[in-house]
Amino acid sequence: MKRIIYLILITGIFASSCNNGQNPESKTKEKESSMSIKKEPFGKVDNKEVFLYILKNENGMVVKITNYGGIVTSILAPDKIGKFDDVVLGYDNLNGYLKETPYFGAIVGRYGNRIAKGSFTIDGKKYSLAINNGPNSLHGGIKGFDKVVWDAEKFETKDGVGIKLHYLSKDNEEGYPGNLDVYVTYTLSNENELKINYLATTDQPTPVNLTHHSYFNLAGTSGRDILGQTLFIDADKYTVVDENLIPIGELRDVTGSPMDFRKPTSVGGRINDVEGGYDHNYVLNNNGQIAKVAELFDSVSGRLMDVSTTEPGMQFYSGNFLDGSITGKKGIVYNKHFGLCLETQHFPDSPNHPEFPNVILKPGENYTQTTVYKFGVK
Ligand code: GLA
């Protein structure tokens with residue numbers, strides 16, 4: 001009898017010390033159930049309904065994405081004392097994006113960045129694209145993937161919530177050959193990552209270079225620009241460009257120049273020595289494997305963002321063309337350098353540079369790319 005009472009007592013003490021009075025399973029469930037995804041009407045474009053998807057992870061981080069242009073309209077990330085603030089530029093409503101946007105938060109395609117004179121040749125046939133940037137074609141042309149309505153499906157897994165977007169870009173759209181079937185999946189994980197997976201297939205050879213165009217400002221809505229934030233880029237070289245930002249073919253060593261971000265350095269420290277500010281493609285040291293290629297840090301808020309990608313390049317754009325003419329979310333005026341973009345991509349104008357990594361997708365092949373923006377504090 002004594003032995004039985006002793007056993008009951010021991011089992012009781014053991015059980016309560018294991019779960020602190022709570023059933024561990026119910027604790028996990030409680031965490032998981034704090035993840036959510038909501039869908040709200042956001043307006044209408046091209047006679048199609050547009051929605052805003054509100055993704056929330058179990059740490060309370062929130063990412064809002066619309067199926068118009070696959071635009072990330074908001075990322076609420078915590079600072080070192082746990083205060084959430086919006087770390088990307090954009091508008092409060094769809095109208096803002098329809099009126100004017102320098103690609104705030106959008107999916108960019110069919111070819112992110114510039115193609116010289118909008119012209120290239122595949123298998124001896126010359127193609128001419130819509131011209132929309134001086135003499136060049138930029139970010140997919142006049143109506144790129146940032147301005148179309150994507151089909152969207154929400155999903156939830158045990159690690160996060162997300163939406164899967166789909167768009168069929170028709171043969172000859174903006175001058176590009178072939179029907180391109182594109183899927184972009186955004187996932188907000190419980191590790192505070194915003195993961196973007198891209199997949200595309202075609203029925204004719206065509207250039208493909210998809211990227212994401214969020215303007216980050218880790219100072220949130222505090223009113224500070226990005227010049228005081230610290231940037232690390234794991235790249236020994238960058239593609240040298242001409243006056244129209246078209247690569248001349250040279251991959252130049254960053255050593256000893258204001259282009260060198262291999263040691264974390266403030267964005268504004270040397271920006272005046274770079275004509276026009278930073279708007280350059282870095283040749284990443286990741287060997288085509290997913291790896292951390294950049295880190296942005298704001299010492300005031302303690303917010304940190306790591307960028308990992310499979311892509312060979314990354315356009316670092318320091319928001320040079322923002323000039324105070326746009327008033328964004330919460331009535332904030334977006335002055336010069338109020339946000340910066342880290343656009344993971346293939347090199348600009350690759351279709352005209354056979355020496356650059358290949359961007360021509362052929363029928364039967366899969367185009368894939370993965371990029372992860374991970375938020376933290378330090
Ligand atoms: C990219 C380009 C910039 C500019 C922005 C949008 O980052 O490289 O030159 O066109 O997009 O304003």
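Helices (H or I, at least four residues) and strands (E, at least two) are DSSP runs, numbered from the N terminus. This is a predicted model, in which local features need pLDDT of at least 70 and side-chain atom pairs count only at pLDDT 80 or more, while totals for chains, interfaces and linings use all residues. Residues are numbered from 1 along each chain as its sequence is written, and side-chain values use heavy atoms, with hydrogens and water left out.

**View 1. Tyr 103 in its loop.** Tyr 103 is found in the loop between α3 (94–99) and β6, and its phi is near 65°, a positive value in a residue other than glycine. At 13% relative accessibility Tyr 103 counts as buried (buried means under 20% relative accessible area, exposed over 50%, partly exposed in between, with a 1.4 Å probe and protein chains only).

**View 2. Asn 47 in its loop.** Asn 47 lies in the loop between β1 (36–45) and β2 (48–56), where its phi is near 65°, again a positive value in a residue other than glycine. With a relative accessible area of 71%, Asn 47 is exposed.

**View 3. The cis peptide bond at Arg 110.** Gly 109 and Arg 110 are joined by a cis peptide bond, whose omega is about 5°. Arg 110 belongs to the loop between β6 (106–108) and β7 (114–115).

**View 4. Side chains at the ligand.** The side chain of Arg 114 has an N or O atom 2.5 Å from an oxygen atom of the ligand, and a polar side-chain atom of His 139 lies 2.9 Å from an oxygen atom of the ligand. For His 213, an N or O atom of the side chain is likewise 2.9 Å from a ligand oxygen atom.

How values were computed
Polar contact = N/O pair within 3.5 Å; in protein donor to acceptor, adjacent residues only side chain to side chain.
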